[in-house]
Amino acid sequence: MAAWRRTEYPRDKAECYRLVHSQLSALTEGERDATANLANAAALIYHALPDLNWAGFYLYKQGMLVLGPFQGLPACVRIPPGRGVCGTAALERRTQVVPDVHAFPGHIACDAASRSEIVVPLLDMIATTFQLAQRDLRAVGGGPEDVGKFTFYYWQRLLASELSMNMLIKPLLNSLTIGVGVSFFAILLGAVLAWLMVRSDLPCKPFFSLAVIIPYMIPSWCKSQAWLSMFKTSRVGGAPGFMASAKTTLRPISSAHSRALSTSSAQPRYGAASDSSAKTYHGTGRRTALKPRAAMRTKSSRVTKVERCSRTHSR
């Protein structure tokens, strides 16, 4: 991900929310870890919306609201349902808009600077995905009277888009195909082995009986590690498996690639042809004198890039 730059958000609420929505979609695209996505969402909301002193999430765990990723001053770690604005929103499962928190019964004062709160339960957010929003009226060809009506427009976009096809539908179909195929093959092979073990006089029957039982004795995690070691690819992350490594090692070199290698080997390796110092080093055979300098230039450029990134983040 590229370095995040501070953005000037428009004063119009609709345009500001539209920009925040697009930025949040870009931040969470391709990331499946819930904690990372919630942390980025809290940071984006906190810095995008004006006059905020706290933005974050409470997660429902074991009958309590437990503090999750947030931005702002330290807050209450656990809140029981029905207490405070967050607890009331969780108990009633509807959005709470409180203009004055001091007038709200049972308010939990985590920060004395807080004057108002807006708490949105995620269940309520899921319900709104079935309600048509005003900004999408033109996309569905509806009128002002259709705002809030039941629709599958958003779920259709979610499940039928190219991203969902690549990230959800195709992997799911591949998993189902592999599961059905392996199950059919296992039943067929098990039936043949059972007939051989019971109804035939197969030589070395005790050995084959033990060999069939051994896979059931091996823990599942050992099988999974063996599967990863054999078939793991670069898409999963980490070191590739045996098959991927063998495929990379045995990849034939094309004629174009071989010509490029021969061309590059024919050119001088150290410096340009117009550089007199490079010619001197190359002619006298002191090639090693340029290696430490090249390494020093590479190292200094990397340090500068890291410092620039850190300065960008510090701003």
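Modeller: The labels come from DSSP, where helices are H or I runs of at least four residues, strands are E runs of at least two, and numbering starts at the N terminus. Before we go further, please keep in mind that this is a predicted model, in which local features need pLDDT of at least 70 and side-chain atom pairs count only at pLDDT 80 or more, while totals for chains, interfaces and linings use all residues. Residues are numbered from 1 along each chain as its sequence is written, and side-chain values use heavy atoms, with hydrogens and water left out.

Now for the strands. Seven bridges join E1 to E2, and the two run antiparallel. Strands count as paired if DSSP finds at least two bridges between them. The hairpin of E1 and E2 has two residues between the strands, and there Gln62 takes a positive phi near 55 degrees.

Put together, the three strands make an open sheet in the order E1-E2-E3, with antiparallel pairing. Strand E1 (54-61) and strand E3 (78-79) are at the edges with a single partner strand each, so one side of each has no neighbour in the sheet.

Two helices lie across these strands. Helix H2, residues 34-48, lies across E1 and E2 and runs at about 50 degrees to E2. Helix H3, residues 84-92, lies across E1, E2 and E3, at about 125 degrees to E2. For these angles, axes are lines fitted to C-alpha atoms, for helices over the stretch in contact, and the angle between N-to-C directions can run from 0 to 180 degrees. Contact here means heavy atoms within 4.5 Å.

Next, follow the loop between E2 and E3, where you will find Cys76. The structure holds one disulfide, formed by Cys76 and Cys110 with their sulfur atoms 2.4 Å apart. The pair links distant parts of the chain: Cys76 sits in the loop between E2 and E3, and Cys110, 34 residues apart from it, sits in the loop between strand E4 (96-98) and strand E5 (117-119). A disulfide is a covalent bond between the sulfur atoms of two cysteines. Here, a pair of cysteine sulfur atoms is called a disulfide if they are within 2.5 Å. The link of Cys76 and Cys110 is left-handed, with -120 degrees about the S-S bond.

How open are the two cysteines to the surroundings? Cys76 is partly exposed, with a relative accessible area of 22%, and Cys110 is also partly exposed, at 34%. The scale calls a residue buried under 20% relative accessible area, exposed over 50%, and partly exposed in between, using a 1.4 Å probe and protein chains only.

Leaving aside neighbours within four places in sequence, Cys110 is in contact with Pro74, Ala75 and Cys76. The C-alpha atoms of Cys110 and Pro74 are 7.8 Å apart, although the two residues are 36 residues apart along the chain.

Which cysteine sulfur is closest to the sulfur of Cys86? It is the one in Cys110, but at 7.9 Å it is too far for a bond. Cys86 is buried, with a relative accessible area of 19%. Cys204, in contrast, counts as exposed at 55% relative accessibility.

Finally, let's step back to the chain around our sheet. The protein chain has 13 helices and five strands. Of its 315 residues, 17% count as buried. Among contacts between residues at least 6 apart in sequence, 25% join residues at least 24 apart; the link of Cys76 and Cys110, 34 residues apart, shows you how distant parts of the chain can be joined.
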